[in-house]
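Student: I would like to learn how to read a model like this one. Can we take it feature by feature?

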Amino acid sequence: HGGLWKGVMAALAGDWRCVAADLPGHGQSTRGDTSISLQDQAARDVASLASALGDGRAHLVGLSLGGAIMARAAIRIPGLARSLAMLEPILMHLLKDTDPEMAEDNHRLMKPVVDACAEERWRDGAKAFMDNWGQPGQFEKFPEAAKASVAEAMKWATPKAPSMGRR
């Protein structure tokens with residue numbers, strides 16, 4: 001969520017104009033156009049924001065999924081990025097070509113997530129994601145409202161659960 005960046009933005013505000021935006025379907029934002037991927041929609045939104053606030057160019061910074069979205073925006077929208085900083089971007093799809101062993105491990109970890117979401121068991125998918133990519137038992141330590149929020153986010157972040165078959 002854009003609010004995560006408040007402290008960093010406050011520290012930079014003396015020298016930089018800083019803007020944080022919620023991803024579609026996160027924070028206070030609606031999901032919007034579900035006919036395109038969340039990352040594509042968010043990349044377009046970043047470009048629109050940069051255009052509305054200035055000359056259409058920006059220093060792009062993102063954490064986790066936000067990092068992946070900023071990378072997508074920089075690649076797909078020529079001239080948008082003045083610079084790109086990604087912190088722990090979710091770019092696991094790149095592993096299949098560079099490190100087959102890591103790609104197989106990624107497949108093993110994500111299969112329970114994808115399977116649960118394919119069956120619209122959003123809470124199970126959220127738990128599997130948090131336990132596999134975070135720390136086992138992490139999901140159960142969340143307050144109930146946070147669990148519900150993560151489960152709801154799985155609906156938006158998961159395209160009708162594509163097959164995990166090999167390509």
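Tutor: Start with one residue. S64 is partly exposed, because its relative accessible area is 29%. Buried means under 20% relative accessible area, exposed means over 50%, and partly exposed lies in between (1.4 Å probe, protein chains only). This is a predicted model: local features need pLDDT of at least 70, side-chain atom pairs count only at pLDDT 80 or more, and totals for chains, interfaces and linings use all residues. Residues are numbered from 1 along each chain as its sequence is written, and side-chain values use heavy atoms, with hydrogens and water left out.

Student: What is the phi of S64?

Tutor: Most residues other than glycine have a negative phi. S64 is not a glycine, yet its phi is positive, at about 60°. S64 sits in the loop between β1 (58-63) and α3. Helices (H or I, at least four residues) and strands (E, at least two) are DSSP runs, numbered from the N terminus.

Student: Where is E120, and is E120 buried or exposed?

Tutor: E120 lies in the loop between α5 (100-118) and α6 (122-133). E120 is exposed, with a relative accessible area of 52%. Its phi is also positive, about 60°, although E120 is not a glycine.

Student: How many helices and strands does the protein have?

Tutor: Eight helices and two strands. From the N terminus on, the order is α-α-β-α-β-α-α-α-α-α.

Student: At what angle do the axes of α2 and α3 cross?

Tutor: Axes are lines fitted to C-alpha atoms, for helices over the stretch in contact, and angles run from 0 to 180 degrees between N-to-C directions. Here α2 (residues 38-53) and α3 (residues 65-76) have axes that come within 8 Å and cross at roughly 65°. That makes α2 roughly perpendicular to α3 (65 to 115 degrees).

Student: Which residues of α2 and α3 meet?

Tutor: Contact means heavy atoms within 4.5 Å. From α2 come L38, Q39, D40, A42, A43 and V46; from α3 come L65, A68, I69, M70, R72, A73 and R76. By class, this contact has nine nonpolar, one polar and three charged residues. Ala, Val, Leu, Ile, Met, Phe, Trp, Tyr, Cys and Pro count as nonpolar, Asp, Glu, Lys and Arg as charged, and the others, Gly among them, as polar.

Student: What percentage of the protein's residues is buried?

Tutor: Of the 167 residues, 30% are buried. Among contacts between residues at least 6 apart in sequence, 48% join residues at least 24 apart.

Conventions: Parallel < 35°, antiparallel > 145°, perpendicular 65-115°, else oblique.
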